[in-house]
Amino acid sequence: MAAGNHSLVTEFILVGLAERPELRLPLFLLFLGVFVATAMGNLGLITLIGLSPPLHTPMYFFLTNLSFVDLCYSSVTTPKMLAGFVVGTNSVSYPACMAQLYFFLVFVIAEGFMLTAMAYDRYVAICHPLLYGTVMSPRACSLLVAGVYTAGSLCAAVHTACMLRLSFCGENVINHYFCDIRPLLVLSCSRTDINELVVFASGGFNMVATSVGILGSYARILSCVLRVGSGRGRKKALGTCGSHLMAVVLFFGSGAFTYLKPSSGESPGEGKVSSLFYTVVVPMLNPLIYSLRNKNFQDALRKILRRNISSGLDLH
């Protein structure tokens with residue numbers, strides 16, 4: 001449709017999660033609590049790793065970046081959702097909507113590749129322990145993380161560029177709580193065939209690339225673990241992978257459910273629920289998954305608390 005034949009949309013209205021006014025306050029309090037827990041958990045993890053020299057290893061370097069990514073993509077979507085519970089009608093300008101879409105995609109794609117880098121780190125640590133310090137050198141780790149953010153930025157740029165080529169006219173109500181790809185495509189008055197193809201191809205490529213990396217790493221890990229003679233050795237080796245595997249299942253399971261299915265086969269309610277899981281729940285759970293059963297974290301936290309208590313007593 002030609003630009004001169006219709007009035008282009010300059011802002012969108014986000015429907016959000018609660019169309020019934022009586023649900024807004026309870027949902028606001030619930031998701032505010034979740035967001036605060038997410039921010040405190042991820043910032044706490046980053047701070048603890050930064051203050052504890054024993055945790056200055058490749059594994060915790062990747063975990064620091066994972067926490068940063070979780071904090072960022074939760075912050076891209078949740079505050080706008082919370083504002084919707086307060087003001088009711090939640091509007092967002094066209095440029096702000098495209099910016100939210102871009103930054104959300106940067107961090108959510110980076111999360112998948114960060115989990116892949118962490119799987120590779122565990123593979124080297126378990127299967128080639130004598131070469132670990134050489135293979136996972138600070139320079140190699142920095143290059144891996146730079147590659148993760150580059151992949152997220154490039155993929156997000158492609159999706160956003162494809163979205164910018166579409167026209168939006170007339171209907172401007174997004175049946176979602178943030179500017180995501182699927183709900184925006186529904187509103188477009190242009191042909192979206194190319195966008196649908198890019199979503200499926202890019203999503204499929206990212207899922208295959210990360211899945212091959214993760215499954216390949218863990219297949220080799222399993223092979224190495226099975227060759228370990230003692231049951232205690234096997235348990236210790238697998239114990240370092242359990243948290244990571246749980247995070248992988250939660251993130252990729254919800255992401256695949258959302259993006260790797262035809263848009264015609266999904267109701268708006270299903271899309272919101274699956275999006276909530278990986279934009280709100282997963283970033284909150286990751287710090288708990290990685291810290292609750294991690295003895296190194298517990299030891300580091302005890303040392304810092306003991307040091308602070310001792311400093312406080314000395315001052316008195």
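This is a predicted model: local features need pLDDT of at least 70, side-chain atom pairs count only at pLDDT 80 or more; totals for chains, interfaces and linings use all residues.
Three strands form an open sheet, and their order is 2-1-3. The pairing is mixed. In general, strands of a sheet pair through backbone hydrogen bonds, either parallel or antiparallel. Now look at the edges. Strand 2 (90-93) and strand 3 (173-174) stand there. Each has a single partner strand, so one side of each is left without a neighbour in the sheet.

Next, take one pairing in detail. Strand 1 covers residues 11-14. Four bridges join strand 1 to strand 2, and these two strands run antiparallel. Find Ile13 and look across to strand 2: its bridge partner there is Ser91.

Helices cover this sheet. Helix 2 (residues 58-87) packs on the sheet and touches strand 1 and strand 2. The direction of helix 2 makes about 135° with that of strand 2. Helix 3 lies across strand 1, strand 2 and strand 3. Helix 3 runs at about 90° to strand 2.

Now turn to the core. The largest nonpolar core has 83 residues. Which residues have the most contacts inside it? They are Phe12, Leu63, Leu115, Met163 and Leu184. Helix 3 (residues 94-127) gives the largest share of this core, with 20 residues.

Pick out Phe12 and follow its contacts. Leaving aside residues up to four places away in sequence, Phe12 touches Asn90, Ser91, Val92, Tyr94, Cys97, Phe168, Asn172, Ile174, Leu184 and Leu187. Ser91 in that list is also the bridge partner of Ile13. Leu184 in that list is also among the core residues with the most contacts.

Asn206 lies in helix 7 (residues 193-226). Is Asn206 buried or exposed? The limit for buried is under 20% relative accessible area. Asn206 has 10% relative accessibility, so Asn206 counts as buried. Asn206 touches Ile109, Phe113 and Cys155, again not counting residues up to four places away in sequence.

Gly242 sits in helix 8 (residues 231-259). Its relative accessible area is 33%, so Gly242 is partly exposed. Gly242 and Tyr290 are 48 residues apart along the chain. Their C-alpha atoms are separated by 9.1 Å.

Finally, find Leu285 in helix 9 (residues 268-291). At 24% relative accessibility, Leu285 counts as partly exposed. Leu285 and Asn42 are 243 residues apart along the chain. In the model, 9.6 Å separates their C-alpha atoms.

Note on methods:
Residues are numbered from 1 along each chain as its sequence is written. Side-chain values use heavy atoms; hydrogens and water are left out. A nonpolar core is a set of buried Ala, Val, Leu, Ile, Met, Phe, Trp, Tyr and Cys residues joined through side-chain atoms within 4.5 Å. Buried means under 20% relative accessible area, exposed over 50%, partly exposed in between (1.4 Å probe, protein chains only). Contact means heavy atoms within 4.5 Å. Two strands pair if DSSP finds at least two bridges between them. Axes are lines fitted to C-alpha atoms, for helices over the stretch in contact, and angles run from 0 to 180 degrees between N-to-C directions.
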